[in-house]
Amino acid sequence: NETKKPAIAFFWPIDYRTNILASLLNAFQNSVKLLDFDCELIVQTSENDHIDQHIDPYIKNNYNAILLGAASEKDLSYLETLPVQIPSVLINRTSKKYSTICIDPQEIARMAVRLLQKKGYKEAAILASAKPYEATGQRTQAFLEECRRSKILIRKEWILHDIGSIEGGARAAEAYSHLPDRPHCLFCEMDSMALGAAYTLNREHLHAPEDYELLSIGMLEPSITKYTSPPISVIFLPNSKVMSIAVDIIVRSIRSNKNEPEHILIQPELVLRESFTLTKK
């Protein structure tokens with residue numbers, strides 16, 4: 001006669017973003033413990049654009065809730081065609097049908113550009129993924145638009161694309177180091193690429209802040225970029241906080257047997273280190 005535990009399915013794609021998964025799972029465990037909510041978590045890996053091949057069994061087979069992260073635009077379109085039968089939360093995506101928790105891409109851009117303006121920068125280079133995903137593409141586009149409004153020049157040849165990984169960042173930084181009249185300021189779309197960039201720039205005998213300054217969006221835990229050379233300044237996306245709020249929404253929905261969508265916007269956090277400081281260049 002043992003009571004069956006609620007079962008929660010967590011969908012996450014298999015690509016470079018798996019390096020975020022550990023912090024999300026840790027935040028999930030801490031959150032259900034604080035809420036005294038005993039449940040089973042089923043982690044379902046998926047491939048972008050193919051959520052339709054994975055999600056139907058979880059909706060139909062008596063799972064109690066779904067967490068879904070890093071969905072593609074095609075996946076989101078498919079999800080919008082489904083009836084909302086159980087509590088479902090989208091992480092860093094928008095929807096009117098499902099609950100959503102997003103880190104504000106416009107505030108990320110404004111925060112970055114304010115820092116550039118405080119240093120007096122009039123131009124910047126960008127390291128970006130050659131295959132941008134929904135959220136990373138939005139953040140970079142927001143940064144470009146904010147730079148345009150603020151009269152900060154970013155030439156097409158200063159936007160350097162490669163794989164969204166440490167290796168890709170290393171290659172993109174090599175291209176940056178060989179740019180004629182390269183901008184002193186380097187903005188990185190993600191901290192995994194920034195780790196590779198720091199490695200390459202050291203090998204090229206370029207040093208921050210004398211030869212360049214590097215500011216990155218931070219998706220990994222801040223400790224990972226703290227112990228590089230130089231320590232990397234990040235606009236940190238608090239993914240653990242996002243997961244904690246997602247769990248709170250799901251637990252309240254299961255306990256109350258209500259499933260009204262909630263939409264929460266989270267602000268990024270600034271972590272300044274030696275790669276980009278507020279001292280005059």
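The legends below describe close-up views of a predicted model. Local features need pLDDT of at least 70 and side-chain atom pairs count only at pLDDT 80 or more, while totals for chains, interfaces and linings use all residues. Residues are numbered from 1 along each chain as its sequence is written, and side-chain values use heavy atoms, with hydrogens and water left out.

**View 1. Phe-10 and Trp-12 form a tilted aromatic pair.** The structure holds three aromatic pairs, meaning rings of Phe, Tyr or Trp (its six-membered ring) whose centres lie within 6.5 Å. The ring centres of Phe-10 and Trp-12 are 5.9 Å apart and their planes meet at 50°, which counts as tilted because planes under 30 degrees apart are stacked and those over 60 are edge-to-face. Phe-10 is buried at 0% relative accessible area, and Trp-12 is buried at 6%, where buried means under 20%, exposed over 50% and partly exposed in between (1.4 Å probe, protein chains only).

**View 2. Tyr-121 and Phe-276 form a tilted pair.** Their ring centres lie 6.3 Å apart, with the planes at 45°. The pair links distant parts of the chain, 155 residues apart. Tyr-121 is buried at 5% relative accessibility, and Phe-276 is buried at 0%. Lys-119 lies over the face of Phe-276, 5.1 Å from the ring centre (NZ of Lys or CZ of Arg within 6 Å of the centre and within 35 degrees of the ring normal).

**View 3. Arg-182 sits over the ring of Tyr-176.** The charged end of Arg-182 is 5.7 Å from the centre of that ring.

Key: Helices (H or I, at least four residues) and strands (E, at least two) are DSSP runs, numbered from the N terminus.
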